[in-house]
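Please take me through this model in the viewer, telling me what to select at each stop and what is to be found there.

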Amino acid sequence: MSEERINTVARPIIYLATFLLIGIPLIYPVGLPIKVSQSTIDFYNQIESMPEGSVVIMNFNVETFGWDELESQLVSITKHLISRPVKVIYVSDMALGPAFIEKTLKMASPQIEKHNKEYGQDYVIAGYLAGESAVAAIASDFHKLISVDYYGHSIEGTFLDDVKDGSDIDLVISVDCFGGTSPYIRHFYLSFGTPILTGTLGGGVPSAINNVQVGQIKSYLGGIPGGAEFEYLSGFPGVGITSSDAMTIVHLMGIALIILGNIVLLSRKIGGRV
Amino acid sequence: MDVLVVIASILAVISTLTYYTTLSGWPNPFYSYAEYAYLGSVMGWSTVIALNYIIDRGVTPLTQGALTPLGGLILGILMWTRFSKKYGYIARIPISISVGIGLGLTLRTVIFSDFIQQIQRTIMPVWTGEPINSFNNLVTIVSMIATMLFFFFSIERKGPLKGIAEIGEYSIFIAFGTYFAANFMGRFGLLIGRINFLLAPDKMITSLTVSIILLILLILMKKTNTLEKFMPE
C-alpha cells in the first residue's frame with residue numbers, strides 16, 4: 001500500500017476513533033481513579049493557608065481557544081476562593097479575559113450566594129490590564145491605574161481602598177494561555193515576595209515545573225488533569241473530572257499510534273523502502 | 001431558558017462543527033465563513049474592550065483632574081499619524097517610547113527572574129541523602145553543562161568535548177519530547193473540551209443534526225464541484 005493511500009485511509013479512521021474514544025467516556029463515564037499530584041496538593045494548601053482578609057489577585061490570561069482546557073481550573077479555583085474568607089481582585093491581561101471572568105463568576109454564583117459574598121466587599125472585577133506595563137503600574141501604585149472597575153463604577157468604598165500597592169497583595173493566581181504569570185513574577189514576586197500560583201495549558205507544564213524548581217512560583221495546575229485533581233481535592237466536581245476518563249483513554253490511543261507509526265517506519269527501513 | 005442563550009448556543013455548535021469541516025481535507029466555504037466570523041467577532045470585542053480601557057484608565061481620571069494619563073493619551077493620539085503619508089514619521093515617537101518603557105520594565109527584573117535565579121537553581125548538592133533527589137540533581141547539572149557545551153562553537157568538537165556535546169544533544173531531544181508530550185496533552189485537552197460542549201445534553205441533538213447536514217452538504221458540493229464556487233474571495 002502506498003504512503004498516500006495509507007494516509008487517505010488512516011486519517012478518517014484516526015479522526016473517528018479519536019471522536020469515539022473521547023465521546024463515549026464523556027457520555028458513559030468509566031470512573032477511572034484520579035490520583036492527586038503533589039503540585040495540586042501544594043496549590044490547594046497555599047490557598048487554604050491564606051489568613052482571613054487576605055487579598056488575592058486572580059488573573060485570567062484566557063483566550064477563546066484556551067477556555068475548554070482551562071475551564072475546570074478557572075471554575076474550581078474561583079469556587080474555592082469564594083469558599084475561603086479572602087478578598088479577590090479579578091483581572092485579565094487578555095482583551096477577551098473579562099468575558100471569561102463574568103462567565104466563571106456566573107458558574108460560581110451558587111457558591112457566591114451560599115457564602116454571602118458581596119461585590120465590592122469580597123470581590124471586584126478590575127477588568128482588563130493592558131500588558132506588563134499595567135501589571136507594573138498596579139504593583140507600584142494600584143489606584144493610579146485603577147480608579148473604576150470593569151463596569152466603570154468607582155472603586156471607592158470597596159475593599160480596594162486598603163490596597164495601595166503590591167505589598168498589600170497576599171497571593172497572585174494566574175491561569176494562563178500565553179505566559180501571563182511572568183509579569184507577576186517580575187513585578188510582584190521579585191519586588192514584594194508575593195507568593196504566586198499558576199494554572200497552565202498542557203503545553204505550559206514544563207515551564208511551570210521549572211518556575212516551581214527555581215522558587216518563583218509556589219505550585220501549578222497543568223491542563224485538564226490539573227483541573228480535575230483540583231476539583232476533586234476542593235470538593236467542587238465539574239467538567240475536569242468528567243473529562244479525565246476521556247483524557248486517559250485518548251492518551252493511550254496516542255501512545256499506541258506513536259508506537260504503531262514507529263513500527264511501520266522501522267519495517268519500511270528494514271525493507272529498504274525509506 | 002432565555003431565547004438569546006438558546007440561539008447563542010446553536011450558533012456556537014454550528015461554528016464549532018463548521019470549523020471541523022477542515023478535517024475533510026477539502027478547502028470549503030463553511031470553514032472559511034466560520035474563520036471570518038471568528039476573526040470579526042474577536043476584533044469587535046477587542047476593540048470595545050480597548051476603547052473602554054482608554055476611557056476608564058485615561059479619559060475618566062483626566063476629567064477628574066488627574067494629569068498623569070495626559071502624556072499617554074497624547075502619545076496614543078500621535079500613533080494615528082501612521083495613516084498620514086505626510087506626518088507618518090511622527091508615529092515613530094510613541095512607538096519608540098513604548099518600546100523603551102517596555103524594555104526598561106522587563107530588563108529591570110528579567111535579569112533576576114530569567115538569568116540569575118535560573119543559574120542559582122543549578123548550584124545544588126550532588127548528594128542530598130536521598131537517592132532520587134540526588135539523581136535528579138545530577139541529571140540537572142550534567143544536562144545543563146552538556147547542553148551549554150553543545151552550543152559552544154569556538155573550539156572544534158573532538159575528544160571529550162564531542163562526547164559531552166552529544167550528551168547535550170540528547171538532553172535537548174529529551175526536552176523536546178517533554179514539550180511534545182505536554183503539547184499533545186494540551187491539544188487533546190482542547191478537543192475534549194469542545195466535544196464535551198457538543199455532547200452536552202442540551203446540545204446533543206443540535207450537534208447531531210448540524211453534523212449530518214454539513215456532511216451531506218460537503219459531499220454534495222464536492223460531487224458537483226461547487227466547493228470552490230462558494231469560497232469567499
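**A tour in selections**

Select A:Asn116, which counts as exposed because its relative accessibility is 63% (exposed means over 50% relative accessible area, buried under 20%, partly exposed in between, with a 1.4 Å probe and protein chains only). A:Asn116 has a positive phi of about 50° although it is not a glycine, and it lies in the loop between helix H5 (109–114) and strand S3 (123–128) of chain A; helices (H or I, at least four residues) and strands (E, at least two) are DSSP runs numbered from the N terminus.

This is a predicted model, in which local features need pLDDT of at least 70 and side-chain atom pairs count only at pLDDT 80 or more, while totals for chains, interfaces and linings use all residues. Residues are numbered from 1 along each chain as its sequence is written, chains are lettered from A and ligands numbered from 1 in the order in which they are written, and side-chain values use heavy atoms, with hydrogens and water left out.

Next, select both sides of the contact (heavy atoms within 4.5 Å), to which chain A gives 62 residues and chain B gives 42 residues.

Within that selection, pick B:Arg194 and A:Asp68, which form a salt bridge with their closest N and O atoms 2.6 Å apart; the rule (a side-chain nitrogen of Lys or Arg within 4 Å of a carboxyl oxygen of Asp or Glu) finds one salt bridge across this interface. Then colour helix H11 (residues 239–270) of chain A, which with 10 residues gives the most to the side of chain A that touches chain B.

Finally, move to B:Asn225, in the segment after helix H7 (204–223) of chain B, where the phi is positive, about 55°, although the residue is not a glycine; B:Asn225 is exposed, with a relative accessible area of 66%.
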